[in-house]
Amino acid sequence: MSEADDPLVNGKAPSTEGRDPAYFSYYAMLQHQQNMLQDTVRTSTYRSAILLNGPLCFHDKLILDVGAGSGILSYFAVQAGAQKVYAVEASQMAEKMRKLVESANTESEALAKNTFLKDKIEVIQAKIEDPNLPIPQVDTIISEPIGVLLIHERMLESYLYARDTYLKPGGTLFPSTGSIFLAPFSDIALWTETMGKARFWEQSSFYGVDLSALYPDAKDEMFGMPVVGCFDPRTLIAQANPGGYVVDFYTITMEELQDMTIPFIWQASYTGIVHGIAGWFDLHFSPPPSVPSGNTIAMSTGPAAERTHWQQVRFLLKEPLAVNAGQTIQGWMRCVVNEMRSYTIEAEIMVGEGQLTNPTIPLTSIYNLDFNRRRGKWRLHEQTYNYNYYPQSDNLFRPEYNCLYEPEHPIDTTVVVENNFVDDNNQFII
């Protein structure tokens, strides 16, 4: 990535203004709100977190719902005893939410619906960043600001802005933390399918036209598209680092959120071919330390968990990487905001011993990478989709069915792999 292409220039994040009309038009549609509401894992987890912490974090409290959408979190907050909820929604969905809320305020008891909402919710159609909004300091902020790999759509920036602008000291954030998990995977079918799309442009006589000059560009494009969709957890060559890379919404700064480098270090469980890096996230809902005896609720979007509308994402390598069972795999993934309400992602993955390169060095400046090292670049918003995996109970499954091979002798998992590129706070050391 050249300096001109770097999404962060002079320390300033690129604007998303150009993408906002399409973004808010998308979320103004009931069918897209319905897709999220029908995600049982998502909706029931939020409801459990809010109701189970109702007495401490919601009862008689002032609540701010950021990016309220259909208003479902606002309704849960009222069910938990909120004194008042300020529901901020920038899209035209705010008008639809008003219809639902106002149906509780009708003078006719026979026609009234959702009477528990009466005089409890104020719908504000605006961006949370707009100046002079009629919102006081609140006790609790609720939001569903999450996208693919936790960070896609850059709604988390609005969440942090609301935290810094409207949350009382010691107030509650739901969700409170997110954890990003990365793991190496093997999927020869997915890799071959992607390569096949690129090879179309390798033809030297397509109706008499030589397309081959575009083959390198096609390969960059096809392999630069993150693949969204659920996948078989048995295709993972190693397990993700325990606990993942934690993004603490109570403490993370805007600058840290806009440029993150996630280190990883794995031990291969099988001999096989690494075709790329898989990613997913967990969400946690925990009251702050100032609220004792709260209930922590967690939700996973991992490949072994119940499906969600977020699914998982995989980043394919243009050139796969061979690994033996027991070998160490290490590397980093750098996520930097871009102008498309998303992130530009680069990663380096290395098998065995060696020194990782600096994440800030542009890909075009890396020459003569070792045979045991790969580096790739993806734009998280340029997603493609793969829905070929459907979980099946198969007691006869063997790893070799996924081209993964168990070691002849058990791996000593008690060996501690020295991680010399992160500090005690899990921050990357250049």
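This passage goes through the overall build of the chain, then an annotated domain, then one serine. The model is a predicted one.

Starting with the fold as a whole, the protein chain works out at 10 helices and 16 strands. Its radius of gyration is 24 Å, close to the 22 Å that the globule rule gives for 430 residues, so the chain is as compact as a globular protein of that length. Along the principal axes, the C-alpha atoms fill a box of roughly 70 × 60 × 50 Å. Buried residues make up 52% of the 430. As for contacts with a separation of 6 or more, 77% come from residues 24 or more positions apart.

UniProt, in an unreviewed entry, puts the feature "domain: Protein arginine N-methyltransferase" at residues 178-342. That span is 16% helix and 39% strand, and its end C-alpha atoms sit 17 Å apart.

Serine 286 is worth a look of its own. This residue lies in the loop between strand S10 (272-285) and strand S11 (297-300). Setting aside neighbours within four places in sequence, serine 286 is in contact with Leu173, Phe174, Ser176, Tyr250 and Thr296.

Notes. Residues numbered from 1 in each chain as written. Predicted model: local features only at pLDDT ≥ 70, side-chain atom pairs only at ≥ 80, totals over all residues. Heavy atoms only, no water. UniProt positions renumbered as here; feature names shortened; annotations may be inferred. Helix = DSSP H or I, 4+ residues; strand = E, 2+ residues; numbered from the N terminus. Rg over C-alpha atoms; globule rule 2.2 N^0.38 Å. Buried < 20%, exposed > 50% of the residue type's maximum accessible area, 1.4 Å probe, protein only. Contact = heavy atoms within 4.5 Å.
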